[in-house]
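Hi there,

Here is the structure I promised to pass on. Have a look, and then read on for what turned up.

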Amino acid sequence: MNPLPIHQSGSTRPHVATQEHPLAQVLLIAVAMLFAAVFLLLPLLNVFSQAFSAGWRHYAREVTSPDTVAAIRLTLLVAVIAVPLNTVFGLLAAWTIARFEFRGKALILTLIDMPFAISPVVSGLMLVLLFGTQGVLGGWLQERGWKVVFAPPGMVLATMLVTLPFVARELIPAMQAQGSEQEQAALTLGASGWQTFWRVTLPSVKWGLLYGVILCNARAMGEFGAVSVVSGHITGETDTLPLRVDKLYHEFDPAAPFAVASLLTLLALVTLALKTWLEWREDRDLKRTLAPDEPIAGESRTIGGGEVPPA
Amino acid sequence: MSIQLQNVSKLFGGVSAVHHVSFQVKEGELVALLGPSGCGKTTVLRMIAGLEQPTEGAIFVRGRRVNDIPVQKRNIGFVFQAYALFRHMTVRENIAFGLKVKKWRRADREVRVADLVRLLKLEGLEHRYPHQLSGGQRQRVAIARALAPKPDVLLLDEPFAAVDARIRQELREWLVHLQHDLGVTMLFVTHDQEEAMEIADRIVIFSRGHIEQIASPREVYENPATEFVARFIGVMNVLEAEAHQGVARRGELEFPAPGVPDGARVRVGFRPYGVRVSPDPAALRYRGVIQHTFFLGLMMRVEIELISGLLVRARLTKEDYSRLGLAEGMEVSFEIRQYRILAGEDAPLEPEMNVL
């Protein structure tokens, strides 16, 4: 239906209140693009140009040097342990929080967010205080010959602590929005709790879960502060990629840190690409193209009528 | 007996949601749980399914006490109000879900799914996802999914609430036919009295967690057990009157009320169809002016204003309305042929809505 006629002034474009003047639009977009170019794109490209500044050969040598390879290996090891554990934790935490009402729910939510609020260095220090030689648990562990701090186990713990919220934080809103009706439906259809989880709960939040895992992984591989505190900086043993970059940066070869940094930058680009793809997929899955209701049988229309005269 | 509830109560954190409810549903029956929202009817449905545990009382399905049997083993089909289809599965996968988790053989599964697709007229939609379906199609998928594992009873929570009003009527008739064809016992929850009246064999009327009446639609309409039922089902004229020497009076209206003590205030109710109207202002007992007429399809409802200002609703057929030559603004006479002194004590009285 047409609203009452409105007298339009000269312009043929309908003016929408939320739309800026075309010139302002162009200006705003240009400013945003400029900022992105100067602060994001330029430094990114610079990492690669610096990495190759001493030639391909130098780059290849640096990236395949034993210490760098050890760092790559440790980085992967840490991620391979920390990410799955945090994924399981995130699933459990999100499920508990989204499905049940209980005392202390707000407290758990706050605790899950803590790693976001705390400086990673402090997270690292907390672990040292707990597991270090003088720590509460450290002495007990040391007596049994278990080295946590200044060794890979401590680095895994530090990484887990810092990346704890990622999966849970992605899943909680997804599960809350989903509600539990699909799960209840599965139960009435005879599915066990386990079947319900694998066939209904998990598939319905899979995009959110993958998204959380990817972000968690990116952070796990890129974490510096917390890992640095507990690593002990033993070259070739407790250096992850970020620690290795830092170490090389303080040495003489100007191209070396950038060569290693380029690996982390690549990881970032892959993460971004995956994230974009996931968002696109999720968007496509969620698109609601609700068809209009149709009568089950063919629709009948009135084609005429009148009163039948009494016999 | 297909479903039997014995003295079932449910408390939610100390608050009573369902209060000593007992009723039975016979094999092959289509029964409606009717009541305003928040009256506990959905909780009753969920307790039968095993999605809620009763605080007290026993529930039987086909003679088996199911209180301690988990949801999965009750063999009950449940259709959720918003359907709760698995949105990452196609129509086919949705329908086959119950068969899959119950480990049906693949070949049997395919036959059963194909049967249901045909029965529920879902041909051509098997590979669509729920978000690609219309509301009515989703409802049929939800029913097909619930029927697939051959449940003992089918429970439906507000089955037509999420469907376009335009096709609701047709779906109601379709559900009745489906129920007749399959012979499956169905129990459905609704807040729409018209819906319950139209398709149910029997109606269980709820109010504030307890049962007001269990009867056939006709019985409920003609012989409401309580004032709540009388006012919830159909239209009723309700007015407060004072008794004097065995007669309840309000304005110029008088109703014999034998046995009611002098000075007692009672409520009197009468249906619009119990009012007879004449175009001759002197022919019948009371006089009034037609204020409004409402066109209800086959029937007409007229509002007659009395000199005292009371409004009385009367209902007559379209033919009678034309034959008598009635019109708005016309002076008429009328009499009340059926009325009821409402026993208001058992339920706290509600504010007068239909005052005349």
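Two strands count as paired if DSSP finds at least two bridges between them; helices (H or I, at least four residues) and strands (E, at least two) are DSSP runs, numbered from the N terminus. This is a predicted model, in which local features need pLDDT of at least 70, side-chain atom pairs count only at pLDDT 80 or more, and totals for chains, interfaces and linings use all residues. Residues are numbered from 1 along each chain as its sequence is written, while chains are lettered from A and ligands numbered from 1 in the order in which they are written.

With that in hand, chain B has an open, antiparallel sheet of 5 strands in the order E13-E12-E11-E14-E20. Strands E13 (253-256) and E20 (340-342) of chain B are at the edges with a single partner strand each, so one side of each has no neighbour in the sheet. Inside the sheet, E11 (residues 237-244) and E14 (residues 265-270) of chain B pair over 6 bridges in the antiparallel sense, and B:Glu242 has B:Arg265 in E14(B) as its bridge partner.

Now the chain contact: 31 residues of chain B and 24 residues of chain A take part, where contact means C-beta atoms, placed from the backbone, within 7 Å. On the chain B side, E6 (76-79), H2, H4 and H5 (165-182) each supply at least two residues, with the largest share, 4 residues, coming from H5(B).

Finally, H2(B) meets H4(B) through B:Val91, B:Asn94, B:Ile95, B:Phe97 and B:Gly98 on one side and B:Val141, B:Ala144 and B:Arg145 on the other.

Best wishes

Notes. Contact = placed C-beta atoms within 7 Å.
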